[in-house]
Amino acid sequence: MTPRFRNVRRIGPVQVASYIARGRNRHLAACTAPNCDFSAEYDSRTAAELAARTHRCKA
């Protein structure tokens, strides 16, 4: 089953979203730029947003 993303926010080329996995809130940061494979999951929304602000694309 695919997660239902909520509270999606864009910070530069990175999208930050929250979802529920196994009964816990999880947060995802993923770059949408072409040829950039950055994505990571975090326990807190603040950590995901910090990763989005500091991300530098290789592409």
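Four strands form an open sheet here, in the order β1-β2-β3-β4 and with antiparallel pairing. Because β1 and β4 stand at the edges with a single partner strand each, one side of each is left without a neighbour in the sheet. On average, and with direction ignored, neighbouring strands of this sheet are turned by 20 degrees against each other. Please keep in mind that this is a predicted model.

**Walking across the sheet**

| Strand pair | Sense | Bridges | Facing residues |
|---|---|---|---|
| β1 and β2 | antiparallel | four | Arg9 and Val16 |
| β2 and β3 | antiparallel | eight | Ala17 and Leu28 |
| β3 and β4 | antiparallel | four | Ala30 and Ser39 |

Which residues of helix α1 are buried? In this helix, residues 45-54, they are Arg45, Ala48, Glu49, Ala51 and Ala52. Seen down the axis of α1, these buried residues fall within an arc of 155 degrees, so they line one face of the helix. The face turned away from that buried side carries Thr46, Leu50 and Thr54, which are exposed. And what covers the buried residues of α1? The cover includes β1 (6-11), β2, β3 and β4.

**The cysteines**

How many disulfides does the structure hold? The number is zero. Cys31 is in no disulfide, and the nearest cysteine sulfur, that of Cys57, is 3.3 Å away. Cys36 is in no disulfide either; for Cys36 the nearest cysteine sulfur belongs to Cys31, 3.6 Å away.

Are these two residues buried or exposed? Cys31 is buried, with a relative accessible area of 10%. Cys36 is also buried, with a relative accessible area of 13%. Both values are under the 20% that marks a buried residue.

Definitions and conventions:
Residues are numbered from 1 along each chain as its sequence is written. This is a predicted model: local features need pLDDT of at least 70, side-chain atom pairs count only at pLDDT 80 or more; totals for chains, interfaces and linings use all residues. Side-chain values use heavy atoms; hydrogens and water are left out. A disulfide is a pair of cysteine sulfur atoms within 2.5 Å. Buried means under 20% relative accessible area, exposed over 50%, partly exposed in between (1.4 Å probe, protein chains only). Two strands pair if DSSP finds at least two bridges between them. Helices (H or I, at least four residues) and strands (E, at least two) are DSSP runs, numbered from the N terminus. The arc is that of the directions from the helix axis to the C-beta atoms. Contact means heavy atoms within 4.5 Å. Axes are lines fitted to C-alpha atoms, for helices over the stretch in contact, and angles run from 0 to 180 degrees between N-to-C directions.
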